[in-house]
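Biologist: Please take a close look at the ligand site in this model. Which residues are closest to the ligand, and how many surround it?

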Amino acid sequence: MPKPWATLGVDLHLEPTGPGLRRGLTDALREAVRTGRLAPGTRLPSSRTLATDLGIARNTVAEAYADLVAEGWLTARQGSGTRVAMGAPPTPFRRWGSAVVPPSGTAPSRRERHRPTYDLRPGTPDLASFPRTEWLKAARRAFTSAPNEALGYGDPRGRIELRTALAAYLSRARGVRTDPEHILICAGFAHGLTLLGTVLRAHGARTVAVESYGLPPHWNLLTAAGLRTQPLPYDELGTDPTVLTDEDAVLLTPAHQFPMGAPLHRDRRAAVVDWARRTGGLVLEDDYDGEFRYDRQPVGALQGLDPDRVVHLGTASKSLAPGLRLAWMVLPPRLMEEAVSAKGGMDTCGVMDQLTLAEFITSGAYDRHVRSARLRYRRRRDALVTALAAHAPEVHVTGIAAGLHAVLPLPSGTERTVLQAATWQGLALHGLTFFRHTAALAEPLDALVVGYGTPPDHAWAGALEALCRVLP
Ligand SMILES: Cc1ncc(COP(=O)(O)O)c(C=O)c1O
């Protein structure tokens with residue numbers, strides 16, 4: 001029996017637990033470092049000494065040390081032995097979650113101090129390539145020609161210039177069937193979803209079917225509106241909406257499932273619209289990155305199949321920047337008035353940004369920007385695939401045909417360790433587990449969801465190298 005403690009040159013209670021000795025020892029040591037019980041720089045005993053103290057094979061200790069060196073918790077150098085790596089014990093980097101607002105005059109929070117060197121979390125485009133010059137030119141043109149009345153309390157649906165520009169763009173580029181009268185401008189997709197939650201509740205709705213994998217903050221918004229979210233099955237064809245029965249609505253990412261990456265299967269697109277027609281249910285189409293498809297034409301909007309049953313939601317968060325907080329909903333005519341009243345009967349989005357985006361679209365700058373961003377992200381995607389083939393050939397990357405992120409399946413049970421190692425290396429990453437609905441029936445899958453859009457160009461190669469280093 002191993003002793004529950006060992007003399008490491010520091011007083012340390014070490015209690016290897018778990019199925020195997022190596023795993024148990026690795027976990028116990030990692031935990032000791034993570035919690036700060038083993039301080040950075042602490043020299044660990046030789047594998048021979050620790051093995052003797054614990055009454056276990058020396059190889060077991062050597063292997064546990066090697067695992068932790070690979071994960072970045074320990075360093076091993078000829079002559080100075082094995083030491084706890086320098087730096088603060090890592091805590092996972094978060095993007096979605098509650099905001100940290102330190103009271104003024106206080107020291108920055110630990111989360112603020114602990115910024116990642118590289119950010120490969122999905123969700124944000126490359127902000128460094130925001131088309132600032134073109135945007136400013138569009139703003140100047142738009143504001144110069146805007147009537148004085150544009151500066152007053154406007155149409156609660158949003159500026160007519162933007163709704164007109166969007167109606168033309170969405171019909172041309174995404175196959176949406178609409179006109180400016182049925183578009184509502186909102187402050188991000190999240191705002192639009194909140195408004196729809198209110199509208200659904202006012203109709204007595206109780207349940208919204210969602211995908212097994214998605215964004216928990218979006219599900220939380222529906223819950224906050226008083227609705228229950230019910231995950232749909234997920235199989236080898238992707239999300240399965242054929243099981244829909246008496247749910248009141250369904251929230252889907254049909255062009256590019258978030259985060260798994262495949263479009264909704266053709267037969268299932270038809271099935272979901274059939275369900276909506278049969279039951280009176282509402283389909284909420286989250287078209288968050290429909291512009292970014294690399295190997296062929298983007299998948300058209302589901303709304304084109306039935307504008308009376310599908311609400312199409314688009315956003316500038318991926319194509320331009322999330323900080324703009326500009327998004328749009330294309331609504332069935334019968335829901336417009338209720339959505340406007342859920343919005344408080346007033347326009348809540350700044351007129352300058354609305355006019356600028358309208359001008360940006362109508363002048364052709366939006367198309368030019370999307371085309372050049374598509375090229376940049378495709379190059380990054382190709383570099384990711386090439387690097388993985390060279391450095392981690394057993395990782396079979398999926399979800400690469402579109403969007404700004406890819407899914408890297410991991411050996412079962414390793415996601416947490418890989419994320420910890422990534423954090424230690426200053427690499428912000430999300431595991432697939434974060435995106436899994438707690439009531440999902442499908443077997444949990446270990447994987448990384450790698451957002452390759454976020455790093456600026458100059459940091460991309462470094463981010464890719466850091467990623468390859470932490471893969472098992
Ligand atoms: C699946 C999905 N939908 C929508 C959005 C856009 O949300 P918003 O417009 O609120 O920034 C995102 C952004 O991360 C997303 O990942």
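Modeller: A backbone N or O atom of phenylalanine 189 sits 2.7 Å from an oxygen atom of the ligand. The model is a predicted one, and this distance is computed from its atoms. On the side-chain side, an N or O atom of threonine 315 is 2.7 Å from an oxygen atom of the ligand. Arginine 325 places a polar side-chain atom 2.9 Å from a ligand oxygen atom. The ligand taken alone exposes 400 Å², and the protein buries 93% of that.

In total, 14 residues surround the ligand. The closest are Phe189, Asp286, Thr315, Ser317 and Arg325. Sorted by class, this shell holds 6 nonpolar, 5 polar and 3 charged residues.

The contact residues can also be placed in the fold. Arginine 325 is found in the loop between strand 11, residues 310-315, and strand 12, residues 327-330. Its backbone has a positive phi of about 50°, although arginine 325 is not a glycine. Threonine 315 falls within the range of strand 11, which covers 310-315.

Phenylalanine 189 belongs to helix 7, which covers residues 189-202. The axis of helix 7 comes within 9 Å of the axis of helix 10, residues 333-342, and the two cross at roughly 115°. An angle of 65 to 115 degrees counts as roughly perpendicular, and helix 7 and helix 10 are therefore roughly perpendicular to each other. The crossing of helix 7 past helix 10 is right-handed.

The peptide bond from phenylalanine 258 to proline 259 is cis, with omega near 5°. Proline 259 is in the loop between strand 9, residues 249-252, and helix 9, residues 266-279.

Definitions and conventions: Residues numbered from 1 in each chain as written. Predicted model: local features only at pLDDT ≥ 70, side-chain atom pairs only at ≥ 80, totals over all residues. Heavy atoms only, no water. Near = heavy atom within 4 Å. Polar contact = N/O pair within 3.5 Å; in protein donor to acceptor, adjacent residues only side chain to side chain. Areas by Shrake-Rupley, 256 points an atom, 1.4 Å probe, with all protein chains shown as cover. Nonpolar A, V, L, I, M, F, W, Y, C, P; charged D, E, K, R; others polar. Axes fitted to C-alpha atoms, helices over the stretch in contact; angles between N-to-C directions. Helix = DSSP H or I, 4+ residues; strand = E, 2+ residues; numbered from the N terminus. Parallel < 35°, antiparallel > 145°, perpendicular 65-115°, else oblique. Left-handed = near helix turned anticlockwise from the far one by under 90°.
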